[in-house]
Amino acid sequence: MKKLAFVTGGNKGIGFGICRHLGLSGWNIVLGAREESRAMKAIENLKSEGIDVEGWVKLELTDMESIENAAKKIEQSWPEMELLVNNAGIPGNMALKSWETPIVDIQQTMKVNFVGTFSLTKRLMPLIIKNNGRIVNITVPSEVSPYWHPLAYVASKGAQNEMTAIMAMDLKQNNINAEIFNIHPGPTTTDLNGNMALPGFHKPDTVGEKVAELINDGKNHNGEFIELYPIVQE
Ligand SMILES: NC(=O)c1ccc[n+]([C@@H]2O[C@H](COP(=O)([O-])OP(=O)(O)OC[C@H]3O[C@@H](n4cnc5c(N)ncnc54)[C@H](OP(=O)(O)O)[C@@H]3O)[C@@H](O)[C@H]2O)c1
């Protein structure tokens, strides 16, 4: 029987790359998206390559009712779901100095990247535990880089990273056979950064392929923070 994966923000960018490569490596895909036409276009593209797409779930991470409805639909339609990829996310304004960040930017990034992601994870964790499954979060490091440190984005992802580490600890200390871990894809050319393509930027499809390889490697990664492109120290 094929394994089932739910990928949030699966309609474009890195999420679409993950759906594509999970699908090509034998997973059945349920795609999370905010808008029907964007979901259908992505599903059409995936199906044209012979990928099994079970369907899509409407998910708006700023809306608790939407999260509840998405979780109910997954529990009812796909009770064997064993992989949740928390990929959906927003950047906030990356161009400002930290102290110039508008409060609304902090609120919005926290709402999507942390509160929304936490709420969906909290809601689906019992199903993932029942199926001895996995939760994978697509994120950035919490550490402050001298080169790039937009406050709203890094703070919201930092909170998400703590969620992952603490949930992983709770799974381990309670001897639960399920796992949660982080993957940092590194800079990737997508809508999130205005499709920036500087040297060192990756393609979302290549990132999707590497994420799928990690998910399929048969190893336990509970609590890990995995750099897809580790920086090599001289
Ligand atoms: N690109 C990078 O350099 C980079 C690096 C490290 C980590 N990441 C992380 O990778 C993940 C994917 O980013 P990406 O670069 O692929 O960005 P993207 O192309 O902008 O895609 C973001 C996805 O998230 C969805 N989304 C946005 N707000 C949402 C909300 N409120 N509720 C539900 N879904 C929402 C978008 O849906 P719509 O299409 O409806 O807007 C879209 O499907 C993010 O978590 C990001 O932080 C990206």
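1. Seven strands make up an open sheet with parallel pairing, in the order β3-β2-β1-β4-β5-β6-β7, where two strands pair if DSSP finds at least two bridges between them. The edge strands, each pairing on one side only, are β3 (53-58) and β7 (225-227), and from one strand to the next the twist averages 20 degrees.

2. This is a predicted model, in which local features need pLDDT of at least 70 and side-chain atom pairs count only at pLDDT 80 or more, while totals for chains, interfaces and linings use all residues. Residues are numbered from 1 along each chain as its sequence is written.

3. The chain contains six helices and seven strands, which are DSSP runs numbered from the N terminus (helices H or I, at least four residues; strands E, at least two). Read from the N terminus, these elements follow the order β-α-β-α-β-α-β-α-β-α-β-α-β.

4. Within the sheet, β4 (residues 83-86) and β5 (residues 134-138) are paired in the parallel sense over four bridges, and Val85 has Val136 in β5 as its bridge partner.

5. Helix α5 (residues 151-173) lies across β5, β6 (179-184) and β7, and runs at about 150 degrees to β6; axes are lines fitted to C-alpha atoms, for helices over the stretch in contact, with angles from 0 to 180 degrees between N-to-C directions, and contact requires C-beta atoms, placed from the backbone, within 7 Å. The end C-alpha atoms of α5 are 32 Å apart, which agrees with the 33 Å that its 23 residues should span at 1.5 Å a residue, the expected span being 1.5 Å times one less than the number of residues. After α5 comes Asn175, with a positive phi near 50 degrees.

6. Around the ligand there are 29 residues, of which Gly9, Gly13, Gly89, Thr190 and Leu192 come nearest; a residue is near if its C-beta atom, placed from the backbone, lies within 6 Å. Helix α1 (residues 13-24) gives the largest share of this shell, three residues.

7. Along its principal axes, the C-alpha trace of the chain spans about 50 × 45 × 45 Å.

Key:
Contact = placed C-beta atoms within 7 Å.
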